[in-house]
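Student: I am new to this structure and would like to go through it slowly with you. Could we look at it together and take up a few questions in turn?

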Amino acid sequence: MSGVAVVLVGALLCFWGIRSLHLAVLASGFGLGWLITDLFNASVWTSFLFALIGAIVAWVVTTLVFKFSAYFIGGLTGAMAGAKLADVLQPGDKNWALGAIVVVAIAVAGAFLADKYRARALLWLTSIGGASMILSGLGRTTSALTFLRDPNPGWQQIASTLIWIALAAAGWIVQRRLFADKLGIQREEGSRR
């Protein structure tokens, strides 16, 4: 059941994240807490507890510092992408130091991109972060999909990365079409049917 909940939160973030900043903050905080504990094979209840704490802390901090919300959301979703990237790059036993460096580096890059490019960067970051949550959740649902959560070297890393990219691109396309007005995208006359 825990994998299904993570898939649902990830799908909200991946395909609906740009629609509501509150939803994006809660889902990003939840996802960050979950994916960081998932990196180190924590129990389901520990991951869920950290995910809930992450969601609450993210929402409170963003509410208190709303002026910097794009920066903060970009950092959170960047950290989620960094946690997934650290997982893909480190098969087997995980190195805390390398994992922390990757997570922090991608989080900082995401924060600066979101601050500079606002909605367009958040569109990409929510799609990528949501896709990483979906894969982590799917990896928990059945043993046949475990490679999505913890890929071994070789074909599993390649397949997991390609699926992650494809899912993130699908989230980007869906959000771009659904929320074109929010993103300031002009539609062509022929596509309004």
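Student: With which side chain does the side chain of aspartate 38 make a polar contact?

Tutor: This is a predicted model, in which local features need pLDDT of at least 70 and side-chain atom pairs count only at pLDDT 80 or more, while totals for chains, interfaces and linings use all residues. Residues are numbered from 1 along each chain as its sequence is written, and side-chain values use heavy atoms, with hydrogens and water left out. A polar contact is a pair of N or O atoms within 3.5 Å, where, within protein, one must be able to donate a hydrogen and the other to accept it, and residues adjacent in sequence count only if both atoms are side-chain atoms. At 2.8 Å, the partner of the aspartate 38 side chain is the side chain of arginine 140.

Student: Is aspartate 38 buried or exposed?

Tutor: Aspartate 38 has its place in helix α2, residues 21-39, where helices are DSSP runs (H or I, at least four residues) numbered from the N terminus. Leaving aside neighbours within four places in sequence, aspartate 38 is in contact (heavy atoms within 4.5 Å) with Ser47, Ser136, Arg140 and Arg149. The cut-offs for accessibility are under 20% relative accessible area for buried and over 50% for exposed, with partly exposed in between (1.4 Å probe, protein chains only). Because its relative accessibility is 6%, aspartate 38 counts as buried.

Student: How are α2 and α6 oriented to each other?

Tutor: Two packed helices are described by the angle between their axes and the distance between the axes. Axes are lines fitted to C-alpha atoms, for helices over the stretch in contact, and angles run from 0 to 180 degrees between N-to-C directions; under 35 degrees counts as roughly parallel, over 145 as roughly antiparallel, 65 to 115 as roughly perpendicular and the rest as oblique. The axes of α2 and α6 are 10 Å apart and the helices pack at an angle of about 45 degrees. That angle makes the orientation of α2 to α6 oblique.

Student: Which residues of α6 does α2 meet?

Tutor: On the side of α2, the residues taking part are Leu21, Ala24, Ala27, Phe30, Gly31, Trp34, Leu35 and Asp38. The residues that they meet in α6 are Leu122, Thr126, Ser132, Met133, Ser136 and Arg140.

Student: What is the orientation of α6 and α8 to each other?

Tutor: Helix α6 covers residues 119-141 and helix α8 covers residues 155-178, and their axes come within 8 Å and cross at roughly 135 degrees. The two helices, α6 and α8, are therefore oblique.

Student: What is the relative accessible area of serine 132?

Tutor: Serine 132 is found in helix α6, and a polar atom of its side chain lies 2.6 Å from the backbone oxygen of glycine 129. Not counting residues up to four places away in sequence, serine 132 touches Leu35, Met80, Lys84 and Trp164. Serine 132 is buried, and its relative accessible area is 0%.

Student: Which residues does isoleucine 73 touch, not counting residues up to four places away in sequence?

Tutor: Isoleucine 73 has its place in helix α4, residues 69-89, and counts as buried at 1% relative accessibility. With residues up to four places away in sequence not counted, isoleucine 73 touches Leu21, Ala24, Val25 and Leu122.
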